Structures are given as structure tokens and as C-alpha cells.
Amino acid sequence: MSVKVVVGKDILAVNRKRAEDLRARFKQMGIKVVNILSSPGAGKTSVLEATIPKLQKVRAAVIEGDVATTRDAERLSHLGIPLVQITTLGACHLDASMVWKALEEMDLSRVDLLFIENVGNLICPASFDLGENLRVVVLSVAEGTDKPAKYPAAFLSSQVVLINKTDLLPYTDFDLKRVLGEVRAMKPDMRTFTISCRTGEGIDKWVEWLEEWVREAQ
Ligand SMILES: Nc1nc2c(ncn2[C@@H]2O[C@H](COP(=O)(O)OP(=O)(O)OP(=O)(O)O)[C@@H](O)[C@H]2O)c(=O)[nH]1
Ligand SMILES: [Mg+2]
């Protein structure tokens, strides 16, 4: 039992070291990195589809992470940006070594902002630093009001929450006011945006904030 705990800690320590190497590498390249977390289907790829074509001041690239298939990368291939799919073959999260390896396949010489779409899961990805500068968690209104309280690590380790699928609010019992209150109680400086990738509601505000963040982030 105690051996298992030690091994688990080692895995995280090794990852943390690799993530620091990544962060230094990204800094040297002048690239800001956003790690996107959510449960399966909350809308991570849809956020990328809605966001990237609207970016005017920054040039984007994407690393896609999935347990299986290259479908998310295929959805973004028409954007003509540097794009790599990591298929984890069962692993429930990306780790820093996988990202390091993916960089070998990418030309980031003309990129300001690298998005990493993590594997759909609100638990494991929260523990693995990918050398990012910003962590964004997407919560869709179909998932239920209680999710930030039930999966606190994903929210506490993020700086931005995107509440997606607001077009579905009339058909769910999602309590937007309560979620916003609970998230702010957990983390008072959390940035929140309510968006619908389907209707485009709230996307401009999010994109404007993101471009400003890329410009200002150290
Ligand atoms: N109604 C509605 N549907 C949405 C919205 N955003 C995404 N969807 C739908 O939700 C489903 C899942 O969206 P994805 O973008 O694939 O979600 P994901 O988080 O990338 O999923 P995984 O990568 O599998 O974890 C798709 O059918 C989308 O069309 C939205 O704002 N409103
Ligand atoms: Mg996806």
C-alpha cells in the first residue's frame, strides 16, 4: 500500500520537472500555452472551433489529446494551423512528456498561442501540469450545477471557467447564478465567461479577453 503511494508521488514529481522544462522552452520561444480541461463532451473542441477563426492578433496552434481516434484533430484541420493529435491509448490525461514529444512534430516558429485540449475528464488532467501558462475548464450546462463542488481540483487549478451551451439553459435545471457563486467562493479571482459555441453568444468577449491575456502574460 505505502509503495503505491510513493510511486504515485514519483510520477507527479517527474511530470512536474518535465513541465518546468516545457514552460522554459515555451518562454524561450515566446509562446503562451492554454491547457483546456472538461468532462467528455462539454465542448472543448467546439470552443477551439469557435475561438481560433476569431483570433486577429495572435497566431494559434493546437495539440489535441484523446484516448482514441484523430477525430478532434480532423475537425480542426481546415483551419490550416500547426496541429498534432496525441492519442493516449487509454491514459485518462495528457502528461508533460507526451506534450514534449508532440512538439517534435510541430513547427511553432510562427505561433503565439498554443492550445492543448486535454483528454475529456475532470479528475486526472487536474494533477498533470503541462507547462501551460493558463488553465481553462469548460463546464456545460447539461452537466449539472454541482460539478465545481464535486470536482474541485479541476476548478481550483484553473484560472478561467467557460460555462458552455447556454443555448440549452431553458431545457435544463442548471442554476447559473448558483454555479457562479460557488465557483467564486472556491476561487475569488476566477475569470468566468458564459458562452454558447452553438449560437456564438459570449464568444467575442472571451476572445477579446484571451487576446489581451496573450499580450500581457509574462
Ligand atoms: N447545444 C449546444 N451544443 C454544443 C455546444 N458546444 C458544443 N456542443 C455539442 O456538444 C457535443 C460535444 O462537443 P465537443 O466540442 O466535441 O466536446 P469535447 O469536450 O471536445 O468532447 P471530448 O473531446 O470528447 O471530451 C457536440 O455534439 C457539439 O456540437 C453549445 O454551445 N450548444
Ligand atoms: Mg474534443
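The legends below describe close-up views of a predicted model.

View 1. Asp 72 belongs to helix H3 (residues 71-76) and Glu 117 to strand E4 (residues 113-117), so the pair ties together parts that are 45 residues apart in sequence. Asp 72 and Glu 117 are both buried.

**View 2. Salt bridge between Glu 49 and Arg 75.** The closest N and O atoms of the two residues are 2.9 Å apart. The pair links distant parts of the chain, with Glu 49 in helix H2 (residues 44-51) and Arg 75 in helix H3, 26 residues apart. Glu 49 is partly exposed at 29% relative accessible area, and Arg 75 is also partly exposed, at 35%.

**View 3. Salt bridge between Lys 54 and Asp 204.** The N to O distance is 2.7 Å. Lys 54 sits in the loop between H2 and strand E2 (60-66) and Asp 204 in helix H8 (residues 203-216), so the contact ties together parts that are 150 residues apart in sequence. Lys 54 is partly exposed, with 38% relative accessibility; Asp 204 is partly exposed, with 49%.

**View 4. Salt bridge between Glu 212 and Arg 215.** The side chains meet at 3.0 Å, N to O. Both residues lie in helix H8, 3 residues apart, which is about one turn of the helix. Glu 212 is partly exposed at 32% relative accessibility, whereas Arg 215 is exposed at 60%.

Conventions:
Residues numbered from 1 in each chain as written. Chains lettered and ligands numbered in written order. Predicted model: local features only at pLDDT ≥ 70, side-chain atom pairs only at ≥ 80, totals over all residues. Heavy atoms only, no water. Helix = DSSP H or I, 4+ residues; strand = E, 2+ residues; numbered from the N terminus. Buried < 20%, exposed > 50% of the residue type's maximum accessible area, 1.4 Å probe, protein only. Salt bridge = Lys/Arg side-chain N within 4 Å of Asp/Glu carboxyl O.
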